[in-house]
Amino acid sequence: MNRAAVIRGIGAWVPPRIVTNDELAEELDTSDEWIRSRTGISRRHIADPGMATSDLAVEAGGRALKSASAASVDCVIVATTTPDRPCPATAPLVVSRLGLGTAAAFDVGAVCTGFLYSLAVGAGLITAGTAESVLVLGADTFSSILDPQDRSTRAVFGDGAGGVVLAAGTPDEPGALGHFDLASDGTGSNLITVPSGGSRDPIRADSAVGADPYFRMQGKAVFRNAVERMAASALRVAEARGWSVRTVDLLVAHQANLRIMHAVADRMRLPRDRCAVNVDHVGNTAAASIPLALVDAMDDGTLHPDHRVVLTAFGGGLTWGSCALRWPDLVPG
Ligand code: UT7
C-alpha cells in the first residue's frame, strides 16, 4: 500500500496560570525539594475556574491547523479523560468552535495513552481512505478532577493541550506514521481511577456520603508498570522499523515523572540525554503530554527534521503504546 498518514502540522497550548511547587507547599504538606527530587517537576500550568478542556483543545487545534496551513479537516479526534461534560463528547464542540463545518468528531478515552491511541485511529482513517485529513488532539484539564487534599496527585498533574494534523501521503516521507504498538491490561483498572460518577457508581443529586468523584492513583504500582511497559513497547516499534536503539535520536515518552523517563531509557540502553523532557515546567498533562513535549523539543532545538523519533506512553486502563517515525520538517503553529 502506497498511502500513509503523515504529520503535516503541530501545535500546543497551556493555560497562562503557573502554579509553582512552593505555592502548592503553602496549602499542602509537601515541599519544592520533595516534588523536584521525586518527579523532576518544578511548576505546572493550571486552568482558571470556568476554563474547560474544549477551551484548551481549541487553542492547540488552531495552532496545529495554522502549522499545517490547513483550513479544514475531515475529522477531529480529542483524546481526553476530562471532557467538558460526561455527555456529549468534546470533539464536536471543538469542530464547531474551530469553524470546521460538519467534520466527523469523537473522543478517545485511553487516559495518558490517549494521544497515541488517537494517532493510530486517525492514521487508520486515512490509510483506509475514510478521511484525507484528521486533526488529532490530546487535551486534559486534570486540575478539575484532582482531590484538593491529595498531595501525591496535585504535585504531579498540570493542564494543557496539543495535537497534530495528519494528511494522506506516502510511507517513505518524513512524518509518515505506520509502526504502532498498542496494548491494555484491565486487571490494573483500579490503579488509576475516578471511582464514582460512572455507571458503576453513579453520582446522583441525592448521592449518599461515600461517593468519590476524584482521580486516584496508586503511584508506586503505576510507576513500576509504566517503566516496564513503555520500555518494552518502545523497543518493539524501533525494532519493527529496523532501527537499533543506538540510532534512535529522540525518545518522547509520556511526561509522567523524570525518574520514570530515565528508568525507561536505562532499560532500553538509550542514553538519558536522548529523552525529550518538559515535565519540569508543565508536569504530567495526561493526553496532552506527548504533543506538548514534541513542540517544546522543536522549540528548544532537541528535535530536528529527519530525526528518528520513538513516542511512548502509559496510562490508566491500564493502557500503553508506542510509535516510531522520522520527524517531518515543520514549524509549530
Ligand atoms: O500519567 C499516568 C501514569 N502516572 C505515572 O506514571 C505516575 C507514577 N507514579 C509516580 O510518579 C510516583 O509514584 C509519585 C510521584 C506519584 C509518588 O512518588 P513515590 O516516590 O512513588 O512516593 P510514594 O507514593 O511511594 O509515597 C512515599 C511517601 C508517602 O509517605 P509515607 O506513607 O511513606 O509516610 C507519601 O505520602 O511520600 C509521601 N508523599 C509526599 N510527600 C511530600 C506523596 N506525595 C507527596 C508530596 N509531598 N507531594
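## Basis of the description

Helices (H or I, at least four residues) and strands (E, at least two) are DSSP runs, numbered from the N terminus. The structure is a predicted model, in which local features need pLDDT of at least 70 and side-chain atom pairs count only at pLDDT 80 or more, while totals for chains, interfaces and linings use all residues. Residues are numbered from 1 along each chain as its sequence is written, and side-chain values use heavy atoms, with hydrogens and water left out.

Strands of a sheet pair through backbone hydrogen bonds, either parallel or antiparallel. Here, two strands are taken to pair if DSSP finds at least two bridges between them.

Valine 78 has leucine 137 of β6 as its bridge partner.

## The four-stranded sheet

A second open sheet, also of mixed pairing, has four strands in the order β9-β14-β13-β12. The edge strands are β9 (179-184) and β12 (250-253), and each pairs on one side only. Neighbouring strands of this sheet are turned by 10 degrees against each other on average, direction ignored.

Four bridges link β12 and β13 in the parallel sense, and leucine 251 stands opposite valine 310 in β13. Helix α7 lies across β9, β12, β13 and β14, at about 150 degrees to β13. Helix α10 also packs on the sheet, where it touches β12 and β13, and its direction makes about 145 degrees with that of β12.

## The ligand and its surroundings

The shell around the ligand holds 22 residues, of which Thr30, Arg151, His254, Asn257 and Asn284 come nearest; a residue counts as near if one of its heavy atoms lies within 4 Å. By class, the shell has ten nonpolar, seven polar and five charged residues. For this count, Ala, Val, Leu, Ile, Met, Phe, Trp, Tyr, Cys and Pro are nonpolar, Asp, Glu, Lys and Arg are charged, and the others, Gly among them, are polar.

A ligand nitrogen atom is 3.2 Å from a polar backbone atom of glycine 219. Ligand oxygen atoms take part as well: one lies 2.9 Å from a polar side-chain atom of lysine 220, and for asparagine 257 the distance from a polar side-chain atom to an oxygen atom of the ligand is 2.8 Å. Taken alone, the ligand exposes 950 Å², and the protein buries 76% of that (Shrake-Rupley method, 1.4 Å probe). The elements that give two or more residues to the shell are α2 (32-39), α6 (151-154), α7 (219-240) and α8 (258-268). Of these, α7 gives the most, with four residues.

## Backbone exceptions

Most residues other than glycine have a negative phi, and most peptide bonds are trans. The peptide bond from cysteine 87 to proline 88 is cis, with omega near 0 degrees, and proline 88 lies in the loop between β4 and α4 (91-97). Another cis bond joins glycine 317 to leucine 318, with omega near -10 degrees; leucine 318 is in the loop between β13 (308-315) and β14 (319-326).

Alanine 286, although not a glycine, has a positive phi of about 55 degrees. This alanine is placed in the loop between α9 (279-282) and α10.

How values were computed. Polar contact = N/O pair within 3.5 Å; in protein donor to acceptor, adjacent residues only side chain to side chain. Axes fitted to C-alpha atoms, helices over the stretch in contact; angles between N-to-C directions. Contact = heavy atoms within 4.5 Å.
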